[in-house]
Each structure stands twice: as C-alpha cells, then as structure tokens.
Amino acid sequence: MPGFPSLGGGNDNDGLFDDYDEFVPEHIPEPNVFLEDHDVLTGKDHLAFHDITQDLFEERKVYDMTFNYNLARLNLDTRHKNAGYRYAEDADDSSVLRAEFTPTTPFCPQTHTLTKGSFRAWNGLSERHDYDLVKVRADPMHHNAGPINDELQELEEKYLETGDVDVVADSGDIGSNPMERAKKEEGPSRGGPQAPF
C-alpha cells in the first residue's frame, strides 16, 4: 500500500518509513502498563486496526505538527522506533480496545492534544471499526502522563454517559504552554489607563 500524504504535500518514503502493510516490532513501542494482562494486537490484527486508524486520523485531522504528518504514520517512522500506538483488546470485554500512546520524548508538548484527538477520532467514528469503545492513555514515560490520563478517563466516562466525543473535560493547565499559563496568572499591570505602554 502506498504511503499517505502529509499536510505538507510530500509522499516520499526515502527509506525513513516502514511499509504500511509491514508489522515491524522493533520499530514500535513495547506495550506498557495500560496494556498489561490484555490481548495485545500483533501482526495482521495490529495492521488492520492501524490501517483504519490512519483513515480516521486523516478524517479528523489528528496530525503530529512537529513532523507534519498523520499521527498514525509515527508507527512507521524508523527514526522514532519507540514511539506511536500499541493496541490491546480488553481482557474482560472484547468490545473494548485499549490504545497506549508513547510519544517521541518524555516532554512532548503535543501528547495531551494528540491523545484527546485520537480518542475523539476512534470513538466519534466508531461505526468504522469493530469496537464499542476505544480507551486511550499516554505511556507513563511522559512527564505529564498522570494528569493527561486522568482527563482521558474523565472524557471516556462522559462519552459513555452522553455518547458525545466532543464533550469537554476540564484540562486545567495540561498541555498549555508557559506563555498561556503566565498570561492567565498575570496580575494587573502597574500602569493606569493613561500610561504610554
């Protein structure tokens, strides 16, 4: 299957990406705590769900803006062998899929946004796959995994209550950059309305 284009328009592989129909365990993250004791997808099962994922992420515009490509392509990027998604069917309910995202670095500023976008893509277009619910979590290697995962669990609970993937969970400062936080916490300026600056 040919590669898929990025927003930047390129489609060249240049040997940097595995083929989309190849399952290369050495180029994807090891399953971690969220997938422990569950039926981890490998081989054709992994590829089949990840193929659907690429389409859903394209439709919902789940893009890694650092690399300027559909987030599903991260699993194929040989430069980031321990980053991307791994999947497992829930041991207690085969209608539930667990998806664990491992970012490229422990401080990836997009992890919060990418995991929420993934959740919304998979569950908002659930008629396109065989699962009633896809639970999403960030790998604990991320410095902010705890609060991110708490919010994802809250989003999941609200989705199960309402059927709406766009319901807003309170993210507080998760994912906000230092400039946004500083602006929020900034007190009134010392100058009055007549001050020149």
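Which residues is Phe119 in contact with, leaving aside its neighbours within four places in sequence? Phe119 is in contact with Gly124, Leu133, Val134, Val136, Leu155, Glu156 and Tyr159, where contact means heavy atoms within 4.5 Å.

Some ground rules. This is a predicted model, in which local features need pLDDT of at least 70 and side-chain atom pairs count only at pLDDT 80 or more, while totals for chains, interfaces and linings use all residues. Residues are numbered from 1 along each chain as its sequence is written, and side-chain values use heavy atoms, with hydrogens and water left out.

Now the overall layout. The secondary structure comes to four helices and six strands. Helices (H or I, at least four residues) and strands (E, at least two) are DSSP runs, numbered from the N terminus. Along the sequence the pattern reads β-α-β-β-β-β-α-β-α-α. Of the 197 residues in the protein, 45% are buried. For that term, buried means under 20% relative accessible area, exposed means over 50%, and partly exposed is in between, with a 1.4 Å probe and protein chains only. Among contacts with a separation of 6 or more, 67% are between residues 24 or more positions apart.

Back to Phe119. Its place is in helix H2. Phe119 counts as buried because its relative accessibility is 1%. Phe119 and Leu152 are 33 residues apart in sequence, and their C-alpha atoms are 8.0 Å apart in space.

That takes us to the packing of H2 with H3. H2 covers residues 111-124 and H3 covers residues 145-162; their axes come within 10 Å and cross at roughly 20 degrees. Axes here are lines fitted to C-alpha atoms, for helices over the stretch in contact, and angles run from 0 to 180 degrees between N-to-C directions. H2 and H3 are therefore roughly parallel to each other. On the cut-offs, angles under 35 degrees count as roughly parallel, over 145 as roughly antiparallel, 65 to 115 as roughly perpendicular, and the rest as oblique. The crossing of H2 and H3 is right-handed. A crossing is right-handed if the near helix is turned clockwise from the far one by less than a right angle, and left-handed if anticlockwise.

Who makes that contact? From H2 the residues are Thr111, His112, Thr115, Lys116, Phe119, Arg120 and Asn123, and from H3 they are Ile148, Glu151, Leu152, Leu155, Glu156 and Tyr159. By class there are five nonpolar, four polar and four charged residues. The classes are: Ala, Val, Leu, Ile, Met, Phe, Trp, Tyr, Cys and Pro nonpolar; Asp, Glu, Lys and Arg charged; the others, Gly among them, polar.

H2 also packs against H1. The axes of H1 and H2 come within 9 Å and cross at roughly 105 degrees. H1 and H2 are therefore roughly perpendicular to each other. On the H1 side are Phe49, Thr53, Leu56, Phe57 and Arg60, which meet Ser118, Arg120, Ala121, Trp122 and Gly124 in H2. The contact of H1 with H2 has five nonpolar, three polar and two charged residues.

Gln110 is in the loop between E5 and H2, and it is buried, with a relative accessible area of 14%. Not counting residues up to four places away in sequence, Gln110 touches Tyr63, Asp64, Met65 and Thr66. The side chain of Gln110 makes a polar contact with the side chain of Asp64, at 3.2 Å. A polar contact is a pair of N or O atoms within 3.5 Å; within protein, one must be able to donate a hydrogen and the other to accept it, and residues adjacent in sequence count only if both atoms are side-chain atoms.

Asp90 is in the loop between strand E4 (84-89) and strand E5 (96-102). Asp90 counts as buried, at 9% relative accessibility. A polar atom of the Asp90 side chain lies 2.8 Å from the backbone nitrogen of Asp92. Beyond four places in sequence, Asp90 touches His38, Val96 and Arg98.

Last, backbone angles. Lys61 is not a glycine, yet it has a positive phi of about 60 degrees. Lys61 is in the loop between helix H1 (43-60) and strand E2 (63-64), and at 53% relative accessibility it counts as exposed. Asn68, also not a glycine, has a positive phi of about 60 degrees. Asn68 is in the loop between E2 and strand E3 (69-70), and at 28% it counts as partly exposed.
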